[in-house]
Amino acid sequence: MTENKNEEQTLENETIEESAAEAVLAEGEIPAAEENDGPVEKDELQLAQEKIAELEAKIEEMDNRYLRLQADFDNSRRRAKLDMEAAQKYRVQSIASDLVEALDNFERATKIEAENEQTKSLLSGMEMVYKAITGALAKEGIEPISSVGEEFDPRLHQAVMQVQDENFGSNIVVEEFQKGYLLKDRVIRPAMVKVNE
C-alpha cells in the first residue's frame, strides 16, 4: 500500500512539472539557456581561440628566448674554456720575455776570449748555467727562432739591414744580430736580422 502511495505521489509530481513547463511555453517565454546558445557559444569559442593563439605566441617567444640564452651560455662557456687553455698554454710568457734578455747577456759573456784558467773556469760555469736555463725554457715550449739561411718572414724576423750578397738567394736572412724566441706558436721576440735583397 505504501508503495502505491509513493508511485502516485511521483506521478503527480511529474504531471505538475510538465504542466508548469507547458504553461511557460504557452506564454511565449523561452528559457534563457536556449535563447543564448547560438551567439554565446560562438563568442566563447572565438575568445578561446584567441586566447590559445596568444598563449601559443607566448610559448614560441619563451622557447626562442630559452634557445638564445642556451646558445649564449654555450658560447660563454666555450670562450672561458679557450681563455683558460690559452692562459695555461702561455702562462710563462711574461717570465720568458724577461729571461730572453738575460740569455742575451749570457751569450755575450760566453763569447769573451778567456786569457787564463780562472776566466776559462768562470766561462765554463756560465755556459753550464746558460744551458740549464735554455733547457728549462725548452721544456716550457720556448725555442729560439732559426734565422740565418732561412727565408725572411716578417712574423718571425725584424729586418734592420739589407745587403747584396751573391752567396745567398733573394729575401734570405744573411746574419742574425739578436736571437728571436717563440713560445709554442707565439712570438715572444722577433729575431733582428740582415736580409739579402
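## Lysine 184 and the β4–β5 loop

Lysine 184 is found in the loop between strands β4 and β5, where helices (H or I, at least four residues) and strands (E, at least two) are DSSP runs numbered from the N terminus. The structure is a predicted model, in which local features need pLDDT of at least 70 and side-chain atom pairs count only at pLDDT 80 or more, while totals for chains, interfaces and linings use all residues. Residues are numbered from 1 along each chain as its sequence is written, and side-chain values use heavy atoms, with hydrogens and water left out.

Although lysine 184 is not a glycine, its phi is positive, at about 55°. Most residues other than glycine have a negative phi. With a relative accessible area of 39%, lysine 184 is partly exposed; this class lies between buried (under 20% relative accessible area) and exposed (over 50%), using a 1.4 Å probe and protein chains only.

## Asparagine 171

A positive phi, of about 65°, is also computed for asparagine 171, which is not a glycine. Asparagine 171 lies in the loop that joins β2 (157–163) and β3 (173–178). Its relative accessible area is 30%, so asparagine 171 is classed as partly exposed.

## The three-stranded sheet

Three strands form an open sheet in the order β1-β4-β5, with antiparallel pairing; two strands pair if DSSP finds at least two bridges between them. Because β1 (142–144) and β5 each have a single partner strand, they stand at the edges, and one side of each has no neighbour in the sheet. From one strand to the next, the twist averages 35°.

Three bridges connect β1 with β4 (residues 181–183) in the antiparallel sense. Proline 144 has tyrosine 181 as its bridge partner in β4. Helix α3 (residues 93–110) packs on the sheet and touches β1, β4 and β5, contact being heavy atoms within 4.5 Å. The direction of α3 makes about 50° with that of β5; axes are lines fitted to C-alpha atoms, for helices over the stretch in contact, and angles run from 0 to 180 degrees between N-to-C directions.

## Arginine 189

Strand β5 (residues 186–189) contains arginine 189. This residue is buried, its relative accessible area being 10%.

The side chain of arginine 189 reaches the backbone oxygen of lysine 179 at 2.6 Å. Not counting residues up to four places away in sequence, arginine 189 touches Val100, Glu101, Asp104, Ile145, Gln178, Lys179, Gly180 and Tyr181.

Technical notes:
Polar contact = N/O pair within 3.5 Å; in protein donor to acceptor, adjacent residues only side chain to side chain.
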